[in-house]
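This briefing reviews selected side-chain interactions. Please consult the sequence and the structure shown below while reading.

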Amino acid sequence: MAEMHCIINPMSRDGNSGKLWPKILPRLEENWKVTAHMTESVGHATEIAWKLRKEFQDAENKPLIVAMGGDGTVNEVASALRGSDLILGLIPTGSGNDLAMAHGLHRKKLDLTIETLKNGIDRSVGALRLEGVPAPSVKGYPAPMPRECDGPINSEGNVVRWVFLESDAGVTSMTSRAKLSRGKWIRGSLKYTYLGLTEVLRWKKKMAWVKVDDEEPLKGDMSVLAFTMSETFGGGYRVCPGASPTNPHGHLILGFNLSKMKMIRLMGPLRKGTHIGRFGIEYKDAKKVEIRSLGDDGEPTDSSHSPPLFVQSDGEPCIQTPVVLEFYPNQLIVRGAKSVAWN
């Protein structure tokens, strides 16, 4: 019988993931010899997956490594497996589950999820390398620390994180930061809608210098920026319509100098993917994005924004400016459905 190591975040979706595991385990054991690993804190999934990678790196018959939880859990496991030939499987039980959706995993029907884990297609996908200043800890969410699996840093004091779904900055990253301490009583994608509205109302201008590839840098109040590997995030918002994790580049949307009213008016179109072109929103292919704060003289600085401008990695607002995001191909092998929307 094939071997599976399942890394479960029991606290995903406000503890619902842990309640589901006893029901899911017997179904998995019909097809695999299953070893379960329960996470106990932020970052623990990466530690578990990194140990498994070292244990099986020279094995002839490698197990399927499955992340069970939301996009944050998937990111932690994927970060440890990145660059190896171990295959990542997904059981989506979080609030957003956008990376699982991108690979055709069903969020509600367990039979379809197991069928994909058994007979799906293994695809090599790219990732974004995010390097910047660590964000401070908040209410039990620790500041990010350097990890062996992320590789070396380019600037002293920075940390690196890898992005397999999306990285964003602006009001959307502030929404994710708010999720760490507010809105825990709301389930599912409605949480992102509620927090998004409240963060728009709280929004303070974030003057930024943004350079995309070799283009002329842009300056202004950076209202919206998302650099993605897939079409949706935030529980189904179609931020980059048609984006594919197998493309040889990332997918970027940019919006500057938007009023609070315009940002609120964008929320409906963002969910449907009809926002491109509205209020000057741009959508382009990109391989590198740099974000820096502006000084009083209007020139870019090496200082972080104050108050901070957070930049997130797959839903985790763990970095602050200045940051560099860069695309790298063929970083991870993901088992997905035979038929996906972008293929």
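Which side chains does a polar contact of 3.3 Å join? The side chains of Ser 313 and Asn 75 are joined by this contact, where a polar contact is a pair of N or O atoms within 3.5 Å; within protein, one must be able to donate a hydrogen and the other to accept it, and residues adjacent in sequence count only if both atoms are side-chain atoms. The model is predicted, so that local features need pLDDT of at least 70 and side-chain atom pairs count only at pLDDT 80 or more, while totals for chains, interfaces and linings use all residues. Residues are numbered from 1 along each chain as its sequence is written, and side-chain values use heavy atoms, with hydrogens and water left out.

- Ser 313 belongs to strand S13; helices (H or I, at least four residues) and strands (E, at least two) are DSSP runs, numbered from the N terminus.
- With a relative accessible area of 1%, Ser 313 is buried (buried means under 20% relative accessible area, exposed over 50%, partly exposed in between, with a 1.4 Å probe and protein chains only).
- Residues touched by Ser 313 include Leu 130, Arg 161, Trp 162 and Cys 318, contact meaning heavy atoms within 4.5 Å.
- Asp 314 is located in the loop between strand S13 (310-313) and strand S14 (316-336).
- The side chain of Asp 314 also makes a polar contact with the side chain of Asn 75, at 2.8 Å.
- A polar atom of the Asp 314 side chain lies 2.8 Å from the backbone nitrogen of Leu 165.
- Asp 314 is buried yet has no salt bridge, and Arg 147, the nearest side chain of opposite charge, is 9.0 Å away; Lys and Arg count as positive and Asp and Glu as negative, while His and the chain ends are not counted.

**Aromatic rings**

- The count is 1 aromatic pair, under the rule that rings of Phe, Tyr and Trp (its six-membered ring) pair if their centres lie within 6.5 Å; planes under 30 degrees apart count as stacked, over 60 as edge-to-face and the rest as tilted.
- Trp 162 and Tyr 328 form this edge-to-face pair, with 5.5 Å centre to centre and 65 degrees between the planes.
- The pair links distant parts of the chain, since Trp 162 is in strand S6 (residues 159-163) and Tyr 328 in strand S14, 166 residues apart.
- Trp 162 is buried at 5% relative accessibility, whereas Tyr 328 is partly exposed at 30%.
- Arg 177 lies over the face of Phe 310, at 4.2 Å from the ring centre; a charge sits over a ring if NZ of Lys or CZ of Arg is within 6 Å of the ring centre and within 35 degrees of the ring normal.
- Lys 206 lies over the face of Trp 203, at 4.9 Å from the ring centre.

**Salt bridges**

- The structure holds 13 salt bridges, each being a side-chain nitrogen of Lys or Arg within 4 Å of a carboxyl oxygen of Asp or Glu.
- Arg 27, Glu 30 and Asp 111 are linked in a network of salt bridges; the closest N and O atoms of Arg 27 and Glu 30 are 4.0 Å apart.
- Arg 292 and Asp 302 form a salt bridge with their closest N and O atoms 3.0 Å apart.
- Asp 302 lies in the loop between strand S12 (288-293) and S13 and Arg 292 in strand S12, so the pair ties together parts that are 10 residues apart in sequence.
- Asp 302 is exposed, at 65% relative accessible area, while Arg 292 is partly exposed at 22%.

Definitions and conventions: Lists of a residue's contacts leave out its neighbours within four places in sequence.
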